[in-house]
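Here is a short tour for someone opening this structure for the first time. Keep the view at hand and follow along as we go.

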Amino acid sequence: MASTSSDERWIARCLELAAAAGARGEVPVGAVVVLDGVEIGAGSNRVEELRSPLAHAEIEALQVALATAGVKRLPEAELFCSLEPCFLCAGAILHVRCRRVVFAARDPKFGAVRSLANLLEDPRLNHRCEIVEGIAAVTSAELLRAFFRSRR
């Protein structure tokens, strides 16, 4: 699936959220949920702040979006992320029923959309998502590399 100029705009928003997370000492990942061209949920990693390995950017963005929309599923929503979703987040995306997922950089250690698995397009499941990857991948990867370099 091809990307659009609005995809680039939303990935830029994810990178802003990721940079803010990094400044707070969190792994720099950001996510945004968009419905009908409008942001209805945003999140960034809060694992350290909340002392929870479940406090991923995508989970936070999805929770805010569901609360904003007042529903338990978002079948027309798009999720944008600065990093390929992990298994935890891919499962949440499937349960929420997002229509489309756009992410910047692959995650070779935990990625469940392209790197280690292809959960969001698995024909054995009752829901599948359109996937777009690679928008601003170099920028996202460098943000992550710089963060981890500063920790060593």
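Let's begin at the end of a helix: α4 is followed by Arg-97, whose phi is positive, near 75 degrees. Helix and strand names here come from DSSP runs, H or I of at least four residues for helices and E of at least two for strands, numbered from the N terminus. A word on the model itself: it is predicted, so local features need pLDDT of at least 70 and side-chain atom pairs count only at pLDDT 80 or more, while totals for chains, interfaces and linings use all residues. Residues are numbered from 1 along each chain as its sequence is written, and side-chain values use heavy atoms, leaving out hydrogens and water.

Back to α4. Cys-89, Ala-90, Ala-92, Ile-93, Leu-94 and Val-96 are buried in this helix, where buried means under 20% relative accessible area, exposed means over 50% and partly exposed is in between, using a 1.4 Å probe and protein chains only. The cover over these buried residues of α4 includes α3, β3 and β4.

In soluble globular proteins, nonpolar side chains tend to be buried together. A nonpolar core here is a set of buried Ala, Val, Leu, Ile, Met, Phe, Trp, Tyr and Cys residues joined through side-chain atoms within 4.5 Å. The largest one has 33 residues, and Val-33, Leu-74, Leu-79, Ile-93, Val-101 and Leu-120 have the most contacts inside it. At least two residues of this core come from each of β1 (30-35), α3 (57-69), β3 (78-83), α4 (87-96), β4 (100-105) and α5 (137-151). Apart from that core lies another, of 13 residues, including Trp-10, Cys-14, Ala-42 and Val-132.

Now for the sheet. Its five strands are in the order β2-β1-β3-β4-β5, and the sheet is open, with mixed pairing; two strands pair if DSSP finds at least two bridges between them. At the edges are β2 (38-44) and β5 (130-133), each pairing on one side only. From one strand to the next, the twist averages 15 degrees, with axes fitted as lines to C-alpha atoms (for helices over the stretch in contact) and angles running from 0 to 180 degrees between N-to-C directions. β1 and β3 run antiparallel and are joined by four bridges. Across that pairing, Val-32 stands opposite Phe-80 in β3. Helix α3 packs on the sheet, touching β1, β2 and β3, and its direction makes about 145 degrees with that of β2; contact means heavy atoms within 4.5 Å.

What about the aromatic rings? There are two aromatic pairs. Rings of Phe, Tyr and Trp (its six-membered ring) pair if their centres lie within 6.5 Å; planes under 30 degrees apart count as stacked, over 60 as edge-to-face and the rest as tilted.

| Pair | Centre to centre | Angle between planes | Type |
|---|---|---|---|
| Trp-10 and Phe-80 | 6.3 Å | 35 degrees | tilted |
| Phe-147 and Phe-148 | 5.1 Å | 80 degrees | edge-to-face |

Trp-10 sits in helix α1 (residues 5-23) and Phe-80 in strand β3, 70 residues apart, so this pair links distant parts of the chain. Both Trp-10 and Phe-80 are buried. In the other pair, Phe-147 is buried, with a relative accessible area of 9%, whereas Phe-148 is partly exposed at 35%.
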